[in-house]
Every structure is written in C-alpha cells, then in structure tokens.
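Hi there,

Here is the structure I promised to pass on to you. Have a look at it first, and then read my notes below.

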Amino acid sequence: VTGKTLTRPLVSIEVLPDGRIAGKGAAWEVTGKWSWENGYLCRTLVWGGDDLGYNCQEVKTNGSQLRITSDKGTGDSADFRLR
C-alpha cells in the first residue's frame with residue numbers, strides 16, 4: 001500500500017512512505033496520517049474539513065485490488081484499485 005495510489009470512482013488517495021495520506025474524495029481534499037499497528041492499517045483522516053477520526057483497519061489485497069475494512073475488519077468495507 002505504501003507509495004501507491006488507491007482509486008475508486010471519484011476517489012484518488014495516496015498512502016505516502018512518510019506516513020501521510022493525501023488526495024481527493026468526491027472533489028474534497030483528503031488528508032491524514034497512517035501507520036501499521038499489529039497487522040492493521042491505523043489512520044487519522046480529514047475529508048472535506050470533517051475529521052473522521054482514528055481507526056485501525058484490516059487490509060486485504062488481491063493483485064491490483066484492495067479491500068479496506070474499518071474497525072479491525074468488523075465494520076464497513078471499501079474496495080480500491082492500486083496504482
């Protein structure tokens with residue numbers, strides 16, 4: 001995931017090697033910070049000025065496909081393409 005761009009319709013997010021998250025989601029700026037903790041992608045996220053808070057997420061990949069599931073794999077999921 002590090003150094004890759006995650007895309008889905010209307011969303012393009014970069015997961016930068018220095019621990020930052022940057023991009024756009026539905027025309028609004030997305031920023032945040034991430035780290036790996038106990039096998040989970042833990043992040044803070046601000047989208048369009050709204051603080052979405054801290055969450056640790058399960059990440060599964062299948063080639064160029066990526067599924068991120070909130071709340072350590074027990075919450076909502078989002079599917080992305082890796083570029």
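Trp 28, Trp 47 and Leu 52 make a nonpolar surface patch of about 320 Å². Areas come from the Shrake-Rupley method with a 1.4 Å probe, and for residues only the protein chains shown count as cover.

This is a predicted model, where local features need pLDDT of at least 70, side-chain atom pairs count only at pLDDT 80 or more, and totals for chains, interfaces and linings use all residues. Residues are numbered from 1 along each chain as its sequence is written, and side-chain values use heavy atoms, leaving out hydrogens and water.

The protein chain averages a pLDDT of 95 (the predictor's confidence in each residue, from 0 to 100).

Back to Trp 28: it lies in strand β4 (residues 28–37); strands (E, at least two residues) are DSSP runs numbered from the N terminus.

β4 pairs antiparallel with β3 (residues 20–25) over six bridges; pairing takes at least two DSSP bridges. Gly 25 stands opposite Trp 28, and in this hairpin Ala 26 has a positive phi near 55°.

β4 also runs antiparallel to β5 (residues 40–47), joined by eight bridges, with Trp 36 opposite Leu 41.

Best wishes

Key: Patches are made of residues with over 30% relative accessible area and no salt bridge: like charges are joined within 9 Å, nonpolar side chains (Val, Leu, Ile, Met, Phe, Trp, Tyr) within 5 Å. A salt bridge is a side-chain nitrogen of Lys or Arg within 4 Å of a carboxyl oxygen of Asp or Glu. Helices (H or I, at least four residues) and strands (E, at least two) are DSSP runs, numbered from the N terminus.
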